[in-house]
Amino acid sequence: MVKALQATGAAMKGALSAAIAGGGITVAVVLVICLAGFLLASPLGMFFSDEVNTGSAIQDTIVQLNGELTNRIEQIKEENPYDVLELDNAGVTAALSNWRDVLAVYAVRVTTDSVNPSDVLTLTAEKQTILRATFWDMSVIIFETETVSGTDRLHITITTKNALQMADEYGFTAGQRKLLEEMLSPAYQEFFQQLTGNFRNITLTAEQIQQIMDNLPASLSTQRKQVILTAYQLLGKVNYFWGGKSLVLGWDSRWGTPREVTAAGSPSSGTIRPYGLDCSGFVDWVFYNVSNGGYVIGHGGGARMQHRYCTNISWGQAIPGDLVFYPEDTHVGIVCGFDEGGNVLIIHCASGSNNVVVTGRRGFTSIARPNYYSE
């Protein structure tokens, strides 16, 4: 979006020059100019300058500061021996997901500076210092140790401040507050997700849809087609995360942000990794999105619970949209089509690939039909 608006700015100058010279101007260009003018005149205008910028410097700094936060937590854990760790995981998630507020506050501080106002994206060392200070002012880590019945407990709490709290703390003027509140309106939410690198457009192109449909039976029901197309929206885009769940319509802004694996039973438990989905979390997300938030196939459980809300069938009865399971329901996937030899293809979130992938039947030993379908 940042690059597009900057390119639009350059195109505007060229188009206007051509118009003045008598070259004419199309309706489409007029619309683009009007749109660009609206955005540049809005609070988002503070993110753009005459220089050739991209949001990459902002994104790099965000990654760096997220890393500093998680490293600080690890440092506290190393420097304070404990028998029991009580880590405020909700606080960690909140801090790592608070970047819209952080950037809004930072932008107001930088662009309304009475001494040296400046654009936001051109990150000088001085402005990077301001951004870092803003982040840490809004992400406060507190820890304490205590011994209870001979057990050493380490408590780590993360307190996250929102933009309006910081407006009070920084003593923003009425004008600065109005600008801040406008930037925090829903109209600009996707822009901030794009800017922070924490948003992905998962809409399939017409070509992608056609390729998927070519691999499906012509008689397949609309319900099942939607399940397959929805599953393909996350192909190659979401990390595997043990215990990762998401009942969010569309892209979950938490995906890709560092988070501790709190679910037990995995070699990754206790480590900090990019948040994503586990196998049953992926299946839940698919059916939740297909039903527009009306249905959770596992009813809050994992693969075993998902299997309970299905009817077992034979492999010869497999239809795209059916679920497949490893022995003892230790893994789950969705039948998504057939290869040239008529063999089942399965889309699933796999730990070995650390992503959503399409594979063959290997490892899957049972198949079942979800009760979700009306057929």
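Me: In which strand is leucine 154 found?
Reply: Leucine 154 sits in strand 3, residues 151–160. Strands here are DSSP runs of E with at least two residues, helices are runs of H or I with at least four, and both are numbered from the N terminus. This is a predicted model, where local features need pLDDT of at least 70, side-chain atom pairs count only at pLDDT 80 or more, and totals for chains, interfaces and linings use all residues. Residues are numbered from 1 along each chain as its sequence is written, and side-chain values use heavy atoms, with hydrogens and water left out.

Me: Why is leucine 154 called buried?
Reply: Its relative accessible area is 0%. Buried means under 20%, exposed over 50%, and partly exposed in between, with a 1.4 Å probe and protein chains only. So leucine 154 counts as buried.

Me: Which residues is leucine 154 in contact with, leaving aside its neighbours within four places in sequence?
Reply: Among them are Ile76, Lys77, Tyr82, Leu85, Glu86 and Phe143. Contact means heavy atoms within 4.5 Å. Lysine 77 is 77 residues from leucine 154 in sequence, and their C-alpha atoms are 7.9 Å apart.

Me: What makes arginine 153 and glutamate 86 a salt bridge?
Reply: Their side chains meet at 2.9 Å, N to O. The term requires a side-chain nitrogen of Lys or Arg within 4 Å of a carboxyl oxygen of Asp or Glu, so the pair qualifies. Arginine 153 is in strand 3 and glutamate 86 in strand 1 (residues 84–87), so the bridge links distant parts of the chain, 67 residues apart.

Me: Why do arginine 153 and glutamate 86 count as partly exposed?
Reply: Arginine 153 has a relative accessible area of 27%. Glutamate 86 has 33%.

Me: How many salt bridges does the structure hold?
Reply: It holds eight. One of them joins aspartate 168 and arginine 177, with the closest N and O atoms 2.6 Å apart. Aspartate 168 is exposed, because its relative accessible area is 52%. Arginine 177, at 28%, is partly exposed.

Me: What ties arginine 369 to aspartate 322?
Reply: A salt bridge does, with the closest N and O atoms 2.9 Å apart. Arginine 369 lies in strand 11 (residues 366–370), and aspartate 322 lies in the loop between strand 6 (310–313) and strand 7 (323–325), so the pair ties together parts 47 residues apart in sequence. Aspartate 322 is buried, with a relative accessible area of 0%. Salt bridges that share partners join Arg224, Asp322 and Arg369 into one network.

Me: Why is strand 8 described as largely enclosed?
Reply: Six of its seven residues (332–338) are buried, so the rest of the structure largely encloses it.

Me: How do you know that strand 8 and strand 9 pair?
Reply: Pairing requires at least two bridges found by DSSP. Strand 8 and strand 9 (residues 344–350) have four, so they pair, in the antiparallel sense. Glycine 337 stands opposite leucine 345 in strand 9. The two strands form a hairpin with five residues between them, and glycine 342 in the turn has a positive phi of about 85°.

Me: What makes strand 7 and strand 8 a pair?
Reply: They have three bridges, in the antiparallel sense. Valine 324 has glycine 333 of strand 8 as its bridge partner. Six residues lie between the strands in this hairpin, where glutamate 328 takes a positive phi near 60°.
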